[in-house]
Amino acid sequence: MLKLFKFLKPYSAMIAGALVLIFLQTLGDLYLPTLMSDIINDGVMQGDTSKILNIGGFMLLVAGGGALCSILASYLSSRSAVGLGTILRSKVFRIVESYSLHEFDKLGTSTLITRTTNDINQVQMVAVMILRMMVSAPMMAIGGIVMALQEDKELTWVLAVAIPILAAVIALIASRMIPLFRLVQVKIDKMNLVLREKLTGIRVIRAFNTVELEMKRFNEANVDLTDNYIKVNKIMAFMMPSIMLVMNFTSLAVLWFGGIRISDGNMDLGALAAFTQYAMQIMFSMLMLSLMFIMVPRAQAAAVRINEVLDTVPEITDPFETKDVFTEKGNLEFKDVTFSYHGAEEPALRNISFSAQPGKVTAIIGSTGSGKSTLINLIPRFYDVDSGSILIDGVDVREMSQETLRSKIGFVPQKAQLFSGTISENIRFGNDQVTDEEIKHAAETAQASEFIANFEGGFEHQITQGGTNVSGGQKQRLSIARALARKPEVYIFDDSFSALDFKTDARLRVALKKEIAVATVIIVAQRVGTVMDADNIIVLDKGQISGMGTHKELLVTSEVYREIVASQLSEEEIA
Ligand code: ADP
Ligand code: MG
């Protein structure tokens, strides 16, 4: 957790201010019982009203000053802790942004969200507490003991008995509470995961009539968490009365033995009143310290999880010196590329070599799981190759900056992804240079203008989060329009035509051909009809190239291609 606290640096002035204020307030608190003892001894006992008013007024002043300090300190320490939270969240967000897909595969989206929200909140909460108590609790404990000793040395033996008893009670409770708190954290995590999965999968759950079953599974997680909270609360409920019991017995003992000392003439009434107050202050500060011991481990667990995110070094980074100058336009070349996913036994791609030129369409076909998506994910560096290289215009993609590289590519992923916002915002997607005209044109080419026109508001129609209010085919066409609007040098379509009916598919390809005549086009497809008229077709089989050439050539040379064709086309279409 200390590692995270270094991010408090911008707030060091505020924190210093808060600590000084808390110091002053604690001094005041420690001084008040002494003043009270003076009032009793010099004022009340002597019947001296002016002294009562004088000292009383001074006490009010000290108390008022203390309150003011306390309020200000509260403000400053809360501001700093919330600032820490803000800094941590943006740090975590930034580093997660730079993760390659490998890191996402490893950590998982769900826990990244919990770490950015819940865990950082925990650390933030405990930071406020530490700032507030770091100075006041030890100072109050030690100062209280010193002051109590000054009031009456003999009576301190009562404290010497009471404090260890209180410490033992607190230790017993804390030792039971801490593991439970840790468990609660884990169980909250689990419930978030279950809930998230259920909500995103709600359509499937409904369709398969498993609502009841899922309800039961959710209830299990929920009840589990509840049971844990109840256990924690039972201990908490036990904590307050037992601590109060020790405290009250201590007051009783102080009064009892103090009374004896007073009747023996060894102590005055003022000293006894002050002593009682100091005893309470000491015990109260111990209570505060113990609360801290309970809260800190919980936040520590959160801090470890945050650090895990911050310490993960993104696998894919920009080179120190980037080569971003180009002479040609969009020449793509794979040279003997081999790639495997982390933890996989077999490489997902092996010895892939081919080239794709501007103005030509290169198609990739193969059965599901043959590595088509993997292959094209390597081009924008979502993953890095294990061996071999991928060149664009003769420059290795690892030698360019990721920004330049990705600005050259129009990527249409297999699973079309839209974001909340209007249709035109989704097509423009952060690129301010795209004009309204170009957006319309891109939509036209992507065969999307017809259904857009039917929406209320047309291009200003709101897309819901994740694009759930448009159909799969509409989503695909919008995501194609988004790629077209960028006017990139290399187009990559990952199975982007599969959700379209044959007619739209054909019309779209004709429109595309005109539009992207000068660009390099890579089309991944399952349908032979989609790839048939490509300039070059690559047949992928189990991560390897098993054939390459035009439709006509492949019919002769590739057994795998013939099988695919035979399974899809009727005799006359083949010829
Ligand atoms: P295709 O797009 O041709 O259907 P993919 O390229 O998606 O096939 O997958 C190729 C192989 O790589 C599959 O065997 C799949 O299980 C594996 N694979 C895909 N993505 C991952 C991943 N993120 N982590 C591990 N293995 C993966
Ligand atoms: Mg795929």
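How far is an oxygen atom of ligand 1 from an N or O atom in the side chain of serine 373? The distance is 2.8 Å. That is a polar contact, meaning a pair of N or O atoms within 3.5 Å.

Some ground rules. This is a predicted model, where local features need pLDDT of at least 70, side-chain atom pairs count only at pLDDT 80 or more, and totals for chains, interfaces and linings use all residues. Residues are numbered from 1 along each chain as its sequence is written, chains are lettered from A and ligands numbered from 1 in the order written, and side-chain values use heavy atoms, without hydrogens and water.

Back to ligand 1. Tyrosine 341 has a side-chain N or O atom 3.3 Å from a nitrogen of the ligand. Serine 370 uses its backbone: an N or O atom there lies 3.3 Å from a ligand oxygen. The protein covers 59% of the 560 Å² of accessible area that ligand 1 has on its own. Such areas come from the Shrake-Rupley method with a 1.4 Å probe.

Next, the magnesium ion, ligand 2. Ser373 (OG) and Gln414 (OE1) coordinate this ion at 2.0 to 2.2 Å. Donors here are N, O and S atoms within 2.8 Å of the metal (3.2 Å for Na, K and Ca); water is not among the atoms, so sites may look incomplete. Serine 373 is partly exposed, at 22% relative accessible area. Glutamine 414 is also partly exposed, at 41%. The term covers values between buried (under 20%) and exposed (over 50%), with a 1.4 Å probe and protein chains only.

Note on methods
A polar contact is a pair of N or O atoms within 3.5 Å; within protein, one must be able to donate a hydrogen and the other to accept it, and residues adjacent in sequence count only if both atoms are side-chain atoms.
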